[in-house]
Amino acid sequence: MVALLGGGVVSEVYGGGGNSGATWTNDFVELYNAGTAPVDVTGWTVQYASAGSTAARVRVTTFPPCPCARHRRHVPRDYPHMKGQAARRRQFGQAARGGPRRPAASRLVGMASSATEVEAGGRTVRVSSPDRVVFPATETSPAVTKLQVVEYYLAVGPGILRALMHRPTTLERWPKGVYDGVVRATREDPHGDAFYQKRAPKGAPSYVETARIMFPSGRHADEICPTEEAVIAWAAQMNTITFHPWPVRRDDPDHPDELRLDLDPQPGTAFADAARIAGVARELLEDLGMVGFPKTSGNRGVHIYVRIAPRWTFTDVRHAAIAFGRELERRTDGVTTAWWKEERGRSVFVDYNQNARDRTIASAYSLRPLPGAPVSTPVTWDELPEVDPKQLNLHTLPARFAERGDVHAAIDDRHCSLEPLLDIYRRDEEAGLGEMPYPPDYPKMPGEPPRVQPSKINLANWENVTDR
């Protein structure tokens with residue numbers, strides 16, 4: 001507890017700077033309350049604090065400080081015994097104009113009492129604003145708070161840690177919660193209320209490790225690399241909803257150890273269609289001598305993961321996914337590898353480009369930013385046709401995990417070869433089926449066909465051109 005002269009206590013004082021996390025004593029903290037009777041400041045916001053023996057001073061307000069520098073210069077108007085600008089300046093030692101004279105060691109300090117702590121793998125992780133609603137209530141599910149998100153990830157900790165262990169991971173953060181109208185940042189427009197964080201944030205705890213990855217552009221980034229459950233809890237406290245791991249491990253970031261088959265239902269199709277195609281995919285994997293592990297996407301799709309030996313490049317793994325999709329097209333209807341939406345029709349799209357460098361998929365056990373807090377849930381092959389993805393959510397997964405454990409627990413037991421699929425790709429190439437389009441933000445790749453919608457291609461401009 002921190003006693004404040006003038007009355008009241010603050011349970012915790014924290015913030016950036018040299019005294020972050022320090023114990024504050026009665027002679028180190030002083031409350032200016034305009035000479036009034038003791039003021040109960042429990043739960044108030046300590047806005048400015050300066051370090052330095054007994055000369056330290058604290059300014060307390062009844063509302064959270066605005067991050068805007070201009071607004072921080074103003075003393076709040078809701079102090080009951082302070083009338084007028086001049087009185088406020090005299091009371092707080094302000095200059096005639098401008099804001100308060102801030103000591104050199106001053107720093108912004110957060111909410112004093114709106115935090116809690118959780119245990120994560122033997123570490124204590126602080127959770128700020130634990131009661132803030134992240135997922136609003138729906139007709140079929142209650143509201144979800146920030147603390148519940150953290151507690152969910154701890155409940156499935158061994159499972160999601162298996163999915164993220166030693167993998168460079170992009171964080172999908174929703175600081176304002178998952179509400180209608182929240183602007184989501186994209187590759188084309190990085191500005192938004194919700195965004196993908198590819199670089200480890202500054203100020204992360206010392207136990208948060210990183211891994212360096214290279215983008216197609218040649219730039220690099222140091223992403224977080226989970227090694228323990230506390231990292232996942234910390235990321236959830238940082239408003240991470242979904243974890244997007246790369247299909248590589250930190251010790252070999254240029255050679256994937258995972259083939260990812262993304263079955264994406266197009267308009268006019270549903271989860272049941274993706275589940276049916278997944279059944280055919282299972283048979284194909286068995287014929288190829290490979291083992292797949294299915295999960296729901298958390299929405300309408302199905303993901304199938306295949307562990308592979310880390311011997312092949314991203315280009316090789318992408319070619320294997322193309323070959324797999326083409327073979328599915330030969331075995332059943334209602335499935336397509338067509339990159340352009342105008343050519344897909346009512347079908348399930350095998351998104352082969354999810355295996356390209358810098359493309360990621362929501363991890364197993366990741367929440368999805370959708371109403372009801374659905375989860376990308378590992379399932380068995382036998383139950384896949386029967387599951388309702390909407391019923392696999394934050395509210396139901398902890399009990400399922402406690403009862404059944406991680407149904408993908410054996411995923412690392414066998415690493416398969418890509419050679420059978422690469423043989424199919426080479427065979428198709430000889431038959432005239434070669435490279436397919438990359439995502440639009442990629443540099444032009446060797447052998448890639450025109451990156452133009454088929455309906456807009458002027459064939460005269462592309463005749464006899466194979467590398468443009």
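1. Contact here means heavy atoms within 4.5 Å. The model is predicted: local features need pLDDT of at least 70 and side-chain atom pairs count only at pLDDT 80 or more, while totals for chains, interfaces and linings use all residues. Residues are numbered from 1 along each chain as its sequence is written, and side-chain values use heavy atoms, with hydrogens and water left out.

2. Confidence. The average pLDDT of the chain (the predictor's confidence in each residue, from 0 to 100) is 80, and 74% of the residues score at least 70. Residues 1-113 have a pLDDT below 50, yet this stretch has 180 contacts in the model beyond near neighbours in sequence. The pLDDT is also below 50 over residues 464-468, a stretch with nine such contacts.

3. Overall make-up. The chain has 10 helices and 19 strands; helices (H or I, at least four residues) and strands (E, at least two) are DSSP runs, numbered from the N terminus. Of its 468 residues, 49% are buried, where buried means under 20% relative accessible area, exposed over 50%, and partly exposed in between (1.4 Å probe, protein chains only). Of the contacts between residues at least 6 apart in sequence, 66% join residues at least 24 apart.

4. Helix 8. Leu 397, Arg 400 and Phe 401 are buried in this helix. Viewed down the axis of helix 8, the buried residues fall within an arc of 95°, so they line one face; the arc is that of the directions from the helix axis to the C-beta atoms. An α-helix has 3.6 residues a turn, so residues three or four places apart point the same way. The buried residues of helix 8 pack against helix 3 (146-155) and helix 4 (157-164). Ala 399, Ala 402 and Glu 403 are exposed on the face turned away from the buried side. Gly 405, which follows helix 8, has a positive phi, near 75°.

5. His 408. This residue sits in the loop between helix 8 (397-404) and helix 9 (419-430). His 408 counts as buried because its relative accessible area is 4%. Leaving out residues up to four places away in sequence, His 408 touches Arg 162, Phe 293, Pro 294, Lys 295, Pro 378 and Val 379. A polar atom of the His 408 side chain lies 2.8 Å from the backbone oxygen of Pro 294.

6. Pro 420. This proline belongs to helix 9. Pro 420 has a relative accessible area of 29%, so it is partly exposed. Phe 324 is 96 residues from Pro 420 in sequence, with a C-alpha to C-alpha distance of 9.8 Å in space.

Definitions and conventions. A polar contact is a pair of N or O atoms within 3.5 Å; within protein, one must be able to donate a hydrogen and the other to accept it, and residues adjacent in sequence count only if both atoms are side-chain atoms.
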